[in-house]
Amino acid sequence: MKAVNVAKSKKQKKTMAERSNTLRAGVLGSNDGILTVVGVLFSVAVATTNQFTIFIAGLSDLLACAFSMASGEYASVSSQKDTEKAAIEKERELIKTDFAGEVQAVADFYVKRGVTENTSKEIAEELMKKNALATVVKVKYDLDLGHYMSPWDAAFSSLVAASSGGIFPLVAMTLLPVSLQWPGTILAVTLSVALTGFLSAKLGDGLVKTAIIRNVIVGIITMIIHYSVGLML
């Protein structure tokens with residue numbers, strides 16, 4: 001019973017980097033869902049007034065975008081996870097074959113941060129005695145041993161977010177009265193991409209105003225381009 005509780009505790013305890021990665025995938029997925037769906041909706045809605053055709057086109061694109069984003073995130077994070085595991089195995093071998101060199105690497109890490117050489121050496125030796133592998137991978141790669149980015153979390157977050165993001169323009173274009181379809185969709189897209197810009201800036205410690213303006217401009221350009229494509233159809 002204790003073993004089960006310990007396993008659950010370890011599983012629930014995620015690092016900030018792991019949580020941020022899942023949120024990042026969600027924000028990016030939402031933004032892509034908004035822009036790809038509105039792109040298709042604008043192109044099709046200009047070419048035809050058949051509401052069912054517009055809805056099916058938008059829904060199909062929403063599903064395609066969501067699953068595409070999810071599979072892309074899964075592949076990307078899986079690759080990152082494999083790279084991290086390879087780095088850890090490399091350090092595990094170096095600890096066996098060049099322990100003194102690894103201790104020196106940890107000591108150098110603290111020296112670069114203003115700690116005296118003697119004190120850095122003592123800190124390095126003490127940390128290496130407690131958990132050599134965890135110490136080395138943290139110092140060299142800023143990795144927490146046993147904590148890897150989850151491909152499934154990133155994929156699911158992206159899938160849900162892309163679907164959620166795409167719903168806003170889809171609902172606006174297909175459920176609003178005909179007289180409000182275009183202004184309603186433009187407003188829905190503008191507010192949605194402004195929100196994703198805000199969230200991406202907050203998660204990445206970026207400039208909120210810049211991120212919002214950039215996202216809104218990209219959203220407007222996307223709508224103009226696809227509207228123009230629809231006129232040519």
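The following legends describe close-up views of a predicted model.

View 1. A polar atom of the T135 side chain lies 2.8 Å from the backbone oxygen of N131. When neighbours within four places in sequence are left aside, the residues in contact with T135 are V106, L127 and M128.

**View 2. Crossing of helices α7 and α8**. The axes of helix α7 (residues 181-203) and helix α8 (residues 208-232) come within 8 Å of each other and cross at roughly 145°, and the crossing is right-handed. On the α7 side the contact includes W182, I186, V189, F198 and K202, while among the residues that α8 contributes are V208, I212, N215, M223 and Y227. Sorted by class, the residues of this contact comprise 13 nonpolar, five polar and one charged.

**View 3. Segments listed as transmembrane region in UniProt**. The unreviewed UniProt entry lists residues 21-46, 52-71, 154-176, 182-199 and 211-229 under "transmembrane region". In the predicted model, the chain over residues 52-71 is 100% helix and 0% strand, with its end C-alpha atoms 29 Å apart. Over residues 154-176 the chain is 96% helix and 0% strand, and the C-alpha atoms at the ends of this stretch are 33 Å apart.

Technical notes
Residues are numbered from 1 along each chain as its sequence is written. This is a predicted model: local features need pLDDT of at least 70, side-chain atom pairs count only at pLDDT 80 or more; totals for chains, interfaces and linings use all residues. Side-chain values use heavy atoms; hydrogens and water are left out. A polar contact is a pair of N or O atoms within 3.5 Å; within protein, one must be able to donate a hydrogen and the other to accept it, and residues adjacent in sequence count only if both atoms are side-chain atoms. Contact means heavy atoms within 4.5 Å. Axes are lines fitted to C-alpha atoms, for helices over the stretch in contact, and angles run from 0 to 180 degrees between N-to-C directions. Helices (H or I, at least four residues) and strands (E, at least two) are DSSP runs, numbered from the N terminus. A crossing is left-handed if the near helix is turned anticlockwise from the far one by less than a right angle, and right-handed if clockwise. Ala, Val, Leu, Ile, Met, Phe, Trp, Tyr, Cys and Pro count as nonpolar, Asp, Glu, Lys and Arg as charged, and the others, Gly among them, as polar. UniProt positions are given in the numbering used here, feature names are shortened, and annotations may be inferred rather than shown by experiment.
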